[in-house]
Amino acid sequence: MVIAVALTVAAVAACDVAAEEDAASEDAPPVVDEAADAPRVSWGTCPELAEGASRDPRLTCGTVEVPLDYRNPGGEKIEVAVSKLPAAKSRDRRGVLLLNPGGPALPGLDTPGAVAPTLPPSVLAAYDLIGFDPRGVGHSTPQSCGLDDPSLAGLFPYPAADGSITANVDAARTGAERCATNAGEKLRYFTTANTARDMDRIRAALGAEKISYWGQSYGTYLGAVYAALFPDRADRVVLEGNVDPTKVWANAKDNWGKAMSERFPDAAEVAAAQHATLGLGDTVDEVTQTYLALADRLDRTPAPVPDTPLALTGSMLRTVTYSLLLNNESLPMLAQFWKAAVGLADGTLTEADGQVLEQVFASPPPTPGVPADNQATMFLALTCGDARWSDDVDEYARRTAEDRAAWPLTAGMPANIWACAFWPKPIEEPVRVTDEGPRNTLILQNRRDNATPWEDGLGLYEVLGERAAFVGADNGGHYVYNEGSTCVDEATVTFLTTGQLPDEKVYCTDVAPR
């Protein structure tokens with residue numbers, strides 16, 4: 001569906017782990033053997049695409065074998081799928097630029113083909129663009145919990161209409177049990193730290209002394225972890241739409257409510273300008289009140305969607321809204337969706353409104369060889385397996401009530417309980433990201449990003465200190481580069497081609513519609 005994004009106290013028998021595994025989690029982090037055998041990648045055809053999907057014909061693919069557990073490098077191996085779009089023939093080639101689209105748990109094999117059209121010849125001549133499906137994702141030994149609802153959106157724990165989290169607690173416990181039963185204890189090794197170690201195996205397999213890296217959203221945390229583990233092997237690093245590494249992961253959603261309150265008016269303004277046809281209100285405040293009333297109404301009385309098994313709930317309304325706020329180009333469609341949702345709830349759905357709903361709720365065709373719940377499974381594996389979460393159910397209830405009162409647009413969801421409360425103990429502590437290392441990182445951040453808030457970009461900048469430069473944009477949405485700011489784009493291209501970073505923090509105000 002369009003709404004797919006790209007986010008136990010009780011003694012759950014299926015989540016129990018052997019004593020020796022718990023002991024191993026107390027050990028020092030694994031040290032990657034620099035002399036580990038790393039055969040070159042044999043490039044060939046790429047895996048089969050989903051029906052209707054397209055791929056850059058220049059892309060070739062291969063695999064890199066990596067340890068499941070880096071504490072036992074001679075033990076079980078898994079495969080990581082990689083792709084390459086070679087640099088344009090030039091004497092200006094610098095090396096490789098590894099790309100990650102975020103998620104968590106988005107596949108990245110086709111990212112080079114998607115990114116290449118946005119880059120100038122100078123960058124395309126300097127780098128081979130390298131994509132990869134992170135471990136457990138897509139074609140890289142894909143994992144599955146066998147979740148009943150395979151969508152990522154199904155994980156978002158919106159409270160009941162009265163604010164109760166009882167059903168969320170049950171769903172979180174069930175999700176953790178399902179993963180423990182179907183994916184097993186090996187899922188504990190599918191973490192960000194191990195994905196970063198896989199990236200270094202990719203570097204070695206490519207025959208590169210260093211890699212440059214461009215990560216978006218969750219990919220910013222992955223890039224920061226890689227640079228922390230391998231500071232001498234990270235060349236030029238671009239981090240776009242950022243995660244604060246001090247909040248991984250239980251506190252990563254602390255600013256979601258505030259971020260939504262700052263981003264939502266961009267869409268409400270679009271809707272208000274069309275009040276004559278949409279009827280949602282002719283001011284931002286009126287549109288906001290219409291939306292909140294609709295969400296509350298759908299919480300209490302879901303509206304069946306014609307010719308589908310779906311019923312539009314308040315949670316679904318909020319999740320679609322969150323998803324369509326990620327891109328400025330989607331704001332007109334979001335306004336049309338709100339109108340259609342009102343019509344659906346009122347029983348006055350028009351044919352045009354029905355077409356909007358059909359577009360929004362269209363399910364993408366499956367990718368051959370990839371479980372339907374793969375992204376949801378790996379979202380849980382990463383967010384629950386990277387760091388410990390509280391198992392205090394009463395505390396989740398209290399925080400949810402407070403968050404619900406403070407930020408009505410998100411209805412308490414960001415503070416609510418996730419399956420992580422019932423997850424096994426992580427195999428290691430989170431990698432500590434610090435200001436130690438070379439000055440080689442460019443941070444790109446939008447002022448009104450509803451997914452990775454402005455404050456989190458500043459938080460990463462504070463952690464990295466002199467290692468990084470910060471370029472902010474007076475823009476909304478989750479994407480910064482190639483979104484209408486010449487100031488942003490020139491800073492990015494200059495860094496990738498020359499290594500030059502701004503001396504001081506930059507705030508770009510030249511955003512223009514594309």
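**Exercise 1. Find the largest nonpolar core and the residues with the most contacts inside it.**

*Solution.* The largest nonpolar core holds 119 residues. A nonpolar core here is a set of buried Ala, Val, Leu, Ile, Met, Phe, Trp, Tyr and Cys residues joined through side-chain atoms within 4.5 Å. Buried means under 20% relative accessible area, exposed over 50%, and partly exposed in between (1.4 Å probe, protein chains only). The residues with the most contacts inside this core are Leu 187, Leu 312, Leu 317, Phe 337 and Trp 338. Next, look at helix 11 (residues 331-346): with eight residues, this helix gives the core its largest share. Helices (H or I, at least four residues) and strands (E, at least two) are DSSP runs, numbered from the N terminus.

Before you go on, remember that this is a predicted model, where local features need pLDDT of at least 70 and side-chain atom pairs count only at pLDDT 80 or more, while totals for chains, interfaces and linings use all residues. Residues are numbered from 1 along each chain as its sequence is written, and side-chain values use heavy atoms, with hydrogens and water left out.

**Exercise 2. List the residues that Leu 312 touches, not counting residues up to four places away in sequence.**

*Solution.* A contact means heavy atoms within 4.5 Å. With those sequence neighbours set aside, Leu 312 touches Leu 298, Pro 302, Ala 303, Val 305, Leu 317, Phe 337, Ala 341, Leu 344 and Phe 361. There is also a second, separate core of 31 residues, which includes Leu 99, Leu 442, Ala 473 and Val 493.

**Exercise 3. Count the disulfides and describe the link of Cys 46 and Cys 61.**

*Solution.* A disulfide is a pair of cysteine sulfur atoms within 2.5 Å. That rule gives four disulfides. In one of them, the sulfur atoms of Cys 46 and Cys 61 lie 2.0 Å apart. The torsion about their S-S bond is about 90°, so this disulfide is right-handed. Cys 46 sits in the loop between helix 1 (19-25) and strand 1 (60-67), and Cys 61 in strand 1, 15 residues apart. Both cysteines, Cys 46 and Cys 61, are buried.
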